[in-house]
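This briefing is for a reader meeting the structure for the first time.

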Amino acid sequence: MFRKTVRGGVHPCGHKSLSNDSPIRYFPLSDTLYVSMQQHIGAPASPVVRPGDHVLKGQLIASSQGNISAPVHAPTSGRILALAEHTAPHPSGLPVLVATLEPDGLDEWGALNPPSDPMALSPEEVCIRIGAAGIVGMGGATFPSAVKLNLSLNSQIQTLIINGGECEPYLSCDDRLMRERATLIIQGILLMQHAVQAREVLVGIEDNKPDAISAMQQAAQGSGVQVIPVPSQYPMGSEKQLIQQLTGIEIPAMSRAAASGIIVHNVATAYAAAEALYQGKPLVSRIVTLSGGAVTHPGNWQVPLGTLASHFLNRASGFNEKPARLIMGGPMMGIQLPDLNVPVIKGTSGILALTENEINHTNPGPCVRCGNCVRSCPMGLLPLEMAANIRSGELKKANELGLHDCVACGACSYICPSSIPLTHLFNYAKGELAQQQKARQKMENTKVLAQRRERRLERQAKEKEALMAARRAAAAAKKAAQQQKEEA
Ligand code: SF4
Ligand code: SF4
């Protein structure tokens, strides 16, 4: 096995012990669930139910739209109360369409029809069923898994990598999942291997999770799946770093891993795939880590999708002090929430309530050119130079320096002794550049449409002129023939 120390990275305090000893518990149903139509990257799902409808657990309530999307299923049985907007778990706080569901308390599954032998299905059929189960990247990326698997079918995948890194501080949901449900994860991994016809499977797990490594190695015995400890170093869980660590292959800038014959999926995604194909269950709940210094009882819970974060936190734990910051996901790459009035979605790996002591309140100072950010960047970028260009409005130059390759891991911001919010600057600049690109594209489209219209008008004028000329010629010929007739 080729193993190589990856570039950059930092070692933030893990805070894992707050929750990693807590076995997964089932969170009870709330009185109302707010099931979002936008729980994935891509187009929102389109509702197929109406207010007043009764639904069973696992029933399709919204279908996927377009090429990149994922369907949504009822997290329990009950009545659809409304289809209305609700605050999204997103920094913008903008609303999204949600189906409000009143559970009937029976938690009654609809018909579950798993195939008798999922491994006997064709790779295409496995992808279709994973897509129909609404499975998305559960590590937080929320890219529809079937779309990713399908893209790989054309790319001659050699290696399937399963990401069990969970390098974000505080989070331990994947750790617990691997310790408690390794057999089903391995079944899901083998299905994914079958779906992309990969020759080998490598599971990377950070070496600060010895129990998860041991459980997964035991479950993988005889399957051909290799479970490999990787160093605990943030952001080891990011795709390019894990690939480099496990294979030695460095994915070039602006290139997809699939182009190098590699595809990466998260352990929880593999677990969801196994539940879908072996049990016929679509994705209706997920494991969420509840943690942070302000939380009285940190732990890991299997939570129905659509549960309000406020209800989850209050019922599962409560606060021992007023939180200074609320985060959905991990503290490095998660989303800072204005409040907890947002539902748990497919990408919710954690809900954190951090104290004043746990967050950095230092005001940003001037850059002291220490170079820490450069050494920590896993993508080999020059964060200080990119930031200087962004601050002086030179976004294009920042992009030329590799801004488009920044994975927003937050390692540079974390290590900066001057507390410069580098990652925020990069996210802002990427947003601006995307807007500019959109505006340019719109102008280009308008120009093309105007040129087409001009050409069409020109052609119509020519056709009209030709018609008139033909008519004039016909009239002249008729007149001449008439004259000849009269003279004869
Ligand atoms: S880590 Fe901060 S202070 Fe040091 S070079 Fe980078 S931006 Fe400047
Ligand atoms: S946030 Fe971007 S620039 Fe900063 S360390 Fe991560 S990849 Fe590098």
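Three strands form an open antiparallel sheet in the order 3-5-6. Strand 3 (46–47) and strand 6 (72–73) are its edge strands, and each pairs on one side only. The model is a predicted one.

- Strand 5 (residues 60–63) pairs with strand 6 in the antiparallel sense, over two bridges.
- A62 stands opposite V72 of strand 6.

**The sheet 2-8-7-4**

- Four strands make up another open sheet, in the order 2-8-7-4, with antiparallel pairing.
- Strand 2 (33–36) and strand 4 (54–55) each have a single partner strand, so one side of each is left without a neighbour in the sheet.
- The pairing of strand 4 with strand 7 (residues 78–87) is antiparallel and runs over two bridges.
- V55 has G78 of strand 7 as its bridge partner.
- In general, the side chains of a regular strand alternate between the two faces of the sheet.

**Strands 15, 16 and 17**

- Strand 15 (residues 325–328) and strand 17 (residues 350–354) run antiparallel and are joined by four bridges.
- Strand 15 is also joined to strand 16 (residues 335–337), by three bridges and again in the antiparallel sense.
- L326 has a bridge partner in each of these neighbours: A353 in strand 17 and L337 in strand 16.
- The hairpin of strand 15 and strand 16 has six residues between the strands, and G329 takes a positive phi near 100° there.

**Helix contacts**

- Two packed helices are described by the angle between their axes and the distance between the axes.
- The axes of helix 1 (residues 123–132) and helix 4 (residues 182–196) come within 7 Å and cross at roughly 125°.
- That angle makes helix 1 oblique to helix 4, and the crossing of helix 1 and helix 4 is left-handed.
- Helix 1 makes this contact through P123, V126 and C127, and helix 4 through L191, H194 and A195.
- The contact of helix 1 with helix 4 has five nonpolar residues, one polar residue and no charged residues.
- For helix 3 (residues 173–180) and helix 5 (residues 210–220), the axes come within 7 Å and cross at roughly 40°.
- D175, M178 and R179 of helix 3 make the contact with D211, A212, A215 and M216 of helix 5.
- In the contact of helix 3 with helix 5, four residues are nonpolar, none is polar and three are charged.

**Around ligand 1**

- The residues around ligand 1 are C367, V368, R369, C370, G371, N372, C373, L384, C416, P417, S418 and I420.
- By class, the shell around ligand 1 has eight nonpolar residues, three polar residues and one charged residue.
- P417, one of the residues around ligand 1, is found in the loop between helix 12 and helix 13.
- P417 touches V368, C370 and N372, leaving aside residues up to four places away in sequence.
- P417 and R369 are 48 residues apart along the chain, and their C-alpha atoms are separated by 9.9 Å.

**Around ligand 2**

- Of the 14 residues around ligand 2, those that come nearest are C377, C406, C409, G410 and C412.
- Helix 10 (383–391), helix 12 (411–415) and helix 13 (422–487) each supply at least two residues of the shell around ligand 2.
- The shell around ligand 2 has twelve nonpolar residues, two polar residues and no charged residues.

**Backbone details**

- Which form does the peptide bond from Y234 to P235 take, cis or trans? That bond is cis, with omega near 5°.
- P235 is found in the loop between strand 11 (225–230) and helix 6 (239–247).
- T142 has a phi near 55°, which is a positive value in a residue other than glycine.
- T142 lies in the loop between helix 1 and helix 2 (145–153).

Notes:
Residues numbered from 1 in each chain as written. Chains lettered and ligands numbered in written order. Predicted model: local features only at pLDDT ≥ 70, side-chain atom pairs only at ≥ 80, totals over all residues. Heavy atoms only, no water. Near = heavy atom within 4 Å. Nonpolar A, V, L, I, M, F, W, Y, C, P; charged D, E, K, R; others polar. Axes fitted to C-alpha atoms, helices over the stretch in contact; angles between N-to-C directions. Parallel < 35°, antiparallel > 145°, perpendicular 65-115°, else oblique. Left-handed = near helix turned anticlockwise from the far one by under 90°. Contact = heavy atoms within 4.5 Å. Pairing = 2+ DSSP bridges.
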